[in-house]
Amino acid sequence: PEINDGAGWAPEDGGHLELYPRENPGSWAPAVSPTCRLPPRWNQMVIFTVLPGESHHSVEEVCGAGKERLSIQGWFHFPQPGEPGYHAEQMQRLWQAGAVSTLGQIEAKRQREIGCAGDDYLPYSDETDARTEEAVLAEYINPDYLDAKIMRQVADRFSDDSHIQLAGFLNAQTASALLEWLRATDAHDKVGSANGEAAPIPPHGTGERGRWHAFGPPVIRRFLRLDAPSPPLPEEANDSAQSPAAERQASELLAALRDRLFASPEFARWLTRVTTLAVSGRRGMVRRFRPGLDYTLATPDGSAATIMDAVLCLAHGPHHRWADGVIGGYHCYIDSGDDDASNDGSVYRHATDEDDGILLTTPAAWNTLTIALREPSVVKFVKY
């Protein structure tokens, strides 16, 4: 039962109980968007059947100013073998789809490998641009970061810390164009806040159009991904299929950064210069996080080798609000431990003050490239 005072609770305040179907009959994963959302109400009792691997639910983030969602949650289990009321045929009907127990899902490597492995790593192309290497990079990168002296300074700092943040990474022309188009796209979708205050949660489906599609599964992540496979749009989506002009322009430039800069052998050689480490392969994506809807959990991606993360953050808005982490958006690296039981985004060991497991937290910022070296036992998440 929900025992909060639900008076004046608006949909944009969040806190809804969300029910998710399976993505498809052959998958354990929930669909990326819920099919039912129940708002908090005073003295309300909600009862629903939970079949592990078959049905999924979550509680939406509470974003309303001064709002608190207080509820009591409990579970009523079906009788098990040896308990009064147990009927074998009833359990057979429940599990005929091959569902596994909730604990089994949490611990199973299969679940993690299916959902968390990510895209395959690709080799860098052997083809070289007809232009000089500096000209290829200078099309997008701030010329300061192409200066030999500054690159040596970056390499020295990275050698000491195994991570570094490079503010103002894109050149002025590229950054100013992106800033204009991204602000216009956010204004069109009515997401974010110009003054940096807490923003209301947009409806599911916001921004899902054109080249942008929701990417999950939501048990480990949800965000909009540029050029991702397209799932069906939820009914409550309030956007037309036609993308605004600013979004189309931003998408073209973001795709160029992904494909022509970050995927280029010239950029790989630049990374080697500023880290003194050889780069053997790459994978990448362009993500958009909507307030209150999108996140990633700290879940292993199955990598057995040390990985170099290069993340370009384009979070516009008041810098101080991003810097203190109050409104989220930060990128956090955590030592998940070597034991298999704790190596899952759903399970965390109790941490002491001396060893809280947090290795690095980088706040969201405008036009900032973070380069970080990540060991196989280190997991990361993005909080919005």
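Biologist: What makes Glu252 and Arg211 a salt bridge?

Modeller: In this predicted model, the closest N and O atoms of Glu252 and Arg211 are 3.2 Å apart. The rule asks for a side-chain nitrogen of Lys or Arg within 4 Å of a carboxyl oxygen of Asp or Glu, so the pair qualifies. Glu252 belongs to helix H7, while Arg211 sits in the loop between H6 and S5, 41 residues apart.

Biologist: Why is Glu252 called exposed?

Modeller: Its relative accessibility is 53%. Exposed means over 50%, and therefore Glu252 counts as exposed.

Biologist: Why is Arg211 called partly exposed?

Modeller: Arg211 has 27% relative accessibility. Buried would require under 20% and exposed over 50%, so Arg211 falls in between.

Biologist: What makes Arg211 and Asp227 a salt bridge?

Modeller: Their closest N and O atoms lie 2.9 Å apart, and the cut-off is within 4 Å, so the pair meets the rule. Asp227 is located in the loop between strand S6 (221–226) and H7, 16 residues from Arg211.

Biologist: How do you know that Glu247 and Arg209 form a salt bridge?

Modeller: The closest N and O atoms of this pair are 2.6 Å apart; the limit is within 4 Å, and therefore the contact counts. Glu247 lies in helix H7 (residues 245–262) and Arg209 in the loop between helix H6 (172–189) and strand S5 (212–215), so the pair ties together parts 38 residues apart in sequence.

Biologist: Why are Glu247 and Arg209 called buried?

Modeller: Glu247 has 2% relative accessibility, and Arg209 has a relative accessible area of 3%. Buried means under 20%, so each residue qualifies.

Definitions and conventions. Residues are numbered from 1 along each chain as its sequence is written. This is a predicted model: local features need pLDDT of at least 70, side-chain atom pairs count only at pLDDT 80 or more; totals for chains, interfaces and linings use all residues. Side-chain values use heavy atoms; hydrogens and water are left out. Helices (H or I, at least four residues) and strands (E, at least two) are DSSP runs, numbered from the N terminus. Buried means under 20% relative accessible area, exposed over 50%, partly exposed in between (1.4 Å probe, protein chains only).
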